[in-house]
Amino acid sequence: MRSALAALLLSAAPAFGAGLEIDIAGEANGTITVDLFEQSAPMHAERITNLASEGAYDDVVFHRVIQGFMAQTGDVEHGKLGQDMRRAGMGGSDLPDLPAEFSDTLNFDRGVVGMARSSQPNSANSQFFIMFAPAPHLNGQYTIVGQVTGGMDVVDAIKLGRGANGAVIGEPDRMVSVRVTD
């Protein structure tokens, strides 16, 4: 009976695999660690690890940061520090968009990492966001790809957006280096 209950509980929990170490600089300084959910979002986890391994996320800014909601980054096309920040958030990688990998068992809680997309559910590419607080209205609408396991104090310190829809004005915080961990 106990082993059956343990198996049931383990099957409901996200499986951790690869992870990320993200060095942040700007108003926030420090390292964020993320465990990726390779079982519930295998295509999205693979995309993030491939882009991180290639160095595509290095020097990409947090272009949209909404207090009490989330911090968005990952535009490897237009979001590199030094580019025209008015276009940050409009791009992705040169890889095809991914089909949604929604979960019935995972929720958008504080520290959850979700994949950004357009109004089309199957349009996630390279951008992702980290939750400051729970947002149940996102459950089943966006792919959950991971969970922050360290450095939430760094996430909380990311420069807030003051522009339309959370756009960051002036020099945004950035991901200096993103490394894949096992």
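**Entry 1: Asn125 and its surroundings**

I began by listing what Asn125 touches beyond four places in sequence: Arg47, Gly92, Ser93, Leu95, Pro96, Asp97, Leu98, Met115 and Ala116. A reminder to myself: this is a predicted model. I then placed Asn125 in the loop that runs between β6 (112–115) and β7 (128–131).

Is Asn125 buried or exposed? I found a relative accessibility of 8%, and because buried means under 20%, Asn125 counts as buried.

Next I looked for polar partners of the side chain. I found Asn125 joined to the side chain of Ser93 by a polar contact of 2.6 Å. I also found a polar contact of 3.0 Å between the side chains of Asn125 and Asp97.

**Entry 2: helix α2**

Arg47 was on the contact list of Asn125, and I met Arg47 again among the buried residues of α2.

α2 covers residues 42–53, and at 1.5 Å a residue its 12 residues should span 16 Å; I got 16 Å between the end C-alpha atoms, so the two agree. After α2 comes Gly55, and I noted its positive phi, near 80°.

**Entry 3: the nonpolar cores**

Which residues have the most contacts inside the largest nonpolar core? I got Tyr57 and Met175, in a core of 34 residues. The elements that each supply at least two residues of this core are β1 (16–25), β2 (30–37), α2, β6, β7, β8 (144–150), α3 (152–156) and β9 (174–181). I saw that α2 gives the most, with four residues. As a general note, nonpolar side chains tend to be buried together in soluble globular proteins.

Leaving out residues up to four places away in sequence, Met175 touches Ile22, Asp23, Ile24, Tyr57, Asp58, Asp59, Val60, Phe62, Thr73, Gly74 and Phe128.

**Entry 4: Met70**

I looked up Met70 and found it in strand β5 (residues 70–73). Its relative accessible area is 2%, so Met70 is buried. Beyond four places in sequence, Met70 is in contact with Arg64, Val65, Phe129, Ile130, Met131 and Phe132. I also took a C-alpha distance: Met70 and Gly163 are 93 residues apart along the chain and separated by 15 Å.

**Entry 5: the whole chain**

How many helices and strands does the chain have? I counted three helices and nine strands, in the order α-β-β-α-β-β-β-β-β-β-α-β.

For overall size, I compared the radius of gyration with the globule rule. A compact globule of 182 residues would be near 16 Å, and the chain has 16 Å, so it agrees. Along the principal axes, the C-alpha atoms fill a box of roughly 60 × 35 × 30 Å.

Of the 182 residues, 46% count as buried. Among contacts with a separation of 6 or more, 65% are between residues 24 or more positions apart. The accessible surface is about 8800 Å², and carbon and sulfur atoms hold 51% of it.

Terms used
Residues numbered from 1 in each chain as written. Predicted model: local features only at pLDDT ≥ 70, side-chain atom pairs only at ≥ 80, totals over all residues. Heavy atoms only, no water. Expected span 1.5 Å × (residues − 1). Buried < 20%, exposed > 50% of the residue type's maximum accessible area, 1.4 Å probe, protein only. Polar contact = N/O pair within 3.5 Å; in protein donor to acceptor, adjacent residues only side chain to side chain. Contact = heavy atoms within 4.5 Å. Core = buried A, V, L, I, M, F, W, Y, C linked by side-chain atoms within 4.5 Å. Rg over C-alpha atoms; globule rule 2.2 N^0.38 Å. Areas by Shrake-Rupley, 256 points an atom, 1.4 Å probe, with all protein chains shown as cover.
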